[in-house]
Amino acid sequence: MKFTRAKRLHGEVAAPGDKSISHRGVMFGSIANGTTEIRHYLQGADCLSTISCFRNMGIDIENRGDAVLVHGKGMRGLACPRAPLDCGNSGTTVRLLSGILAAQNFKVTLTGDASIQKRPMKRIMEPLTLMGACIKSIRGNGCAPLEITGSPLRGIHYTSAVASAQVKSAILLAGLYADGQTSVTEPYLSRNHSEIMLKHFGAHVHTEGTTAVISPAQELHGNLIHVPGDISSAAYFICAGLMVPNSEILIKNVGINPTRAGILQVCQSMGGRISVLNETWDFGEPTADILVRSSSLHGTVIEGSLIPALIDELPMIAAMACFADGKTVIRNAGELKVKESNRIEVMVQNLSAMGADVAETEDGMIIHGGKPLHGAVIDSRLDHRIAMTFAVTGLCAEGETQILGAECVKISYPEFYETLENLMR
Ligand code: S3P
């Protein structure tokens with residue numbers, strides 16, 4: 001896939017359904033009683049992996065495209081799958097599913113693609129083991145494939161070293177099946193979609209600062225879920241609208257949960273012209289339309305509690321910082337190294353190839369913006385967020401940018417290139 005400089009971007013975008021919320025809808029719907037209807041479900045490969053895992057455990061799931069119907073069988077209704085469950089590229093699927101499977105009465109293997117088999121799983125193995133789970137990394141390297149033998153679980157209090165919604169959610173889901181209360185404290189608050197949605201399904205969950213507390217549940221009940229647009233997908237158009245001259249883009253129905261919306265704060269602090277319009281609430285999640293116009297940007301510092309609220313947007317923000325005057329510092333973002341690729345290394349390599357002044361640090365990047373970028377051959381390393389970041393960056397560079405492995409956007413945003421092209425017309 002090749003990109004050259006865009007003269008302007010203009011029009012409206014309907015962001016695809018939120019990936020995190022889509023996964024959770026199928027997972028919680030499968031262990032609830034009754035039918036859960038999920039509207040605006042993300043039809044990306046990661047969320048399709050979650051559907052396929054639950055189908056393989058005997059759950060009837062109708063995927064009608066516009067809506068997904070999950071015919072839940074209750075907290076004890078999953079059946080032992082005949083083969084290892086394939087989670088594809090999806091960290092959310094492996095980690096959240098581990099929390100549920102730890103408490104079942106069967107043995108199962110969870111696996112996935114080459115990238116997932118390199119991602120750290122000790123972060124969930126440790127707390128789940130403390131709860132009494134029997135979970136082992138088959139190759140002994142702390143990564144998938146994982147073999148989980150369902151066991152009785154006990155409630156614990158766990159202090160997590162990382163602010164990770166996947167770790168927190170795995171523990172909370174196991175906590176539904178435990179013999180007493182379970183709580184998780186994280187250094188900073190990570191996305192709270194599990195807490196919000198579990199409450200709607202009838203679980204007793206509450207939050208005290210950065211601690212989430214859950215009580216064991218007898219049963220969850222099915223629900224109607226409207227999935228908001230994914231701010232992590234909207235991020236490419238938010239930044240593109242600010243970066244490409246003469247642009248104006250309206251992105252409709254975007255989830256702006258404060259645990260996810262750090263990008264809005266950063267864009268505003270960089271001088272971005274952003275308006276948040278038509279705010280409403282749906283199923284406990286705030287949503288809004290976001291209007292962006294090309295802006296003259298300046299550098300900023302991104303750190304601390306803001307990091308979990310924009311962790312998946314940092315590659316795009318780092319690229320945007322190359323077009324901002326002055327210095328941008330990203331720190332406390334070591335988690336970027338254990339995403340679908342090492343996103344610090346991959347960003348620094350690819351931005352440098354385009355002529356940017358960017359340096360890798362122990363837990364982030366330092367970018368001196370304002371140097372014009374030129375096209376280059378970009379290896380996405382099959383990381384969807386890297387491919388989308390450089391498609392947008394290519395629109396602001398001199399010459400041609402070629403993205404290798406561009407098709408990996410199907411993980412979270414199958415219509416991404418089409419949508420981007422429509423804005424150039
Ligand atoms: C996710 C949590 C984040 C995020 C990922 C989706 C989730 O990961 O990067 O894309 O759905 O809970 P961590 O929890 O590992 O930070």
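Which side chain meets that of Asp18 in a salt bridge? The partner is Arg260, with N and O 2.8 Å apart. This is a predicted model. The briefing covers its salt bridges, a helix pair and its cysteines.

**Salt bridges**
- The count comes to 19 salt bridges.
- Asp18 and Arg260 join distant parts of the chain, 242 residues apart. Asp18 sits in the loop between strand E2 and H1, and Arg260 in the loop between strand E15 and helix H8. Both residues are buried.
- Arg64 pairs with Glu62, with their closest N and O atoms 2.9 Å apart. Arg64 is exposed at 53% relative accessibility, while Glu62 is partly exposed at 27%.
- Lys136 forms a salt bridge with Glu147, at 3.7 Å between the closest N and O atoms. Lys136 lies in strand E8 and Glu147 in strand E9, so the bridge ties together parts 11 residues apart in sequence.
- A network of salt bridges links Arg119, Arg191, Asp312, Glu340, Arg343 and Asp383.

**Helix pair**
- Helix H1 (residues 19-30) packs with helix H2 (residues 45-55) at an angle of about 5°, and their axes are 9 Å apart. The two helices are therefore roughly parallel.
- Residues in the contact include Val26 and Met27 of H1 and Ile51 and Phe54 of H2. By class, the contact has 5 nonpolar, 4 polar and 2 charged residues.

**Cysteines**
- The disulfide count is 0.
- The closest cysteine sulfur to that of Cys87 is in Cys53, 4.1 Å away, which is too far for a bond. Cys87 is buried, with a relative accessible area of 0%.
- Cys143 is in no disulfide, and its nearest cysteine sulfur, in Cys87, is 14 Å away. Cys143 is buried at 9% relative accessibility.

Definitions and conventions. Residues numbered from 1 in each chain as written. Predicted model: local features only at pLDDT ≥ 70, side-chain atom pairs only at ≥ 80, totals over all residues. Heavy atoms only, no water. Axes fitted to C-alpha atoms, helices over the stretch in contact; angles between N-to-C directions. Helix = DSSP H or I, 4+ residues; strand = E, 2+ residues; numbered from the N terminus. Parallel < 35°, antiparallel > 145°, perpendicular 65-115°, else oblique. Contact = heavy atoms within 4.5 Å. Nonpolar A, V, L, I, M, F, W, Y, C, P; charged D, E, K, R; others polar. Disulfide = S-S within 2.5 Å. Buried < 20%, exposed > 50% of the residue type's maximum accessible area, 1.4 Å probe, protein only. Salt bridge = Lys/Arg side-chain N within 4 Å of Asp/Glu carboxyl O.
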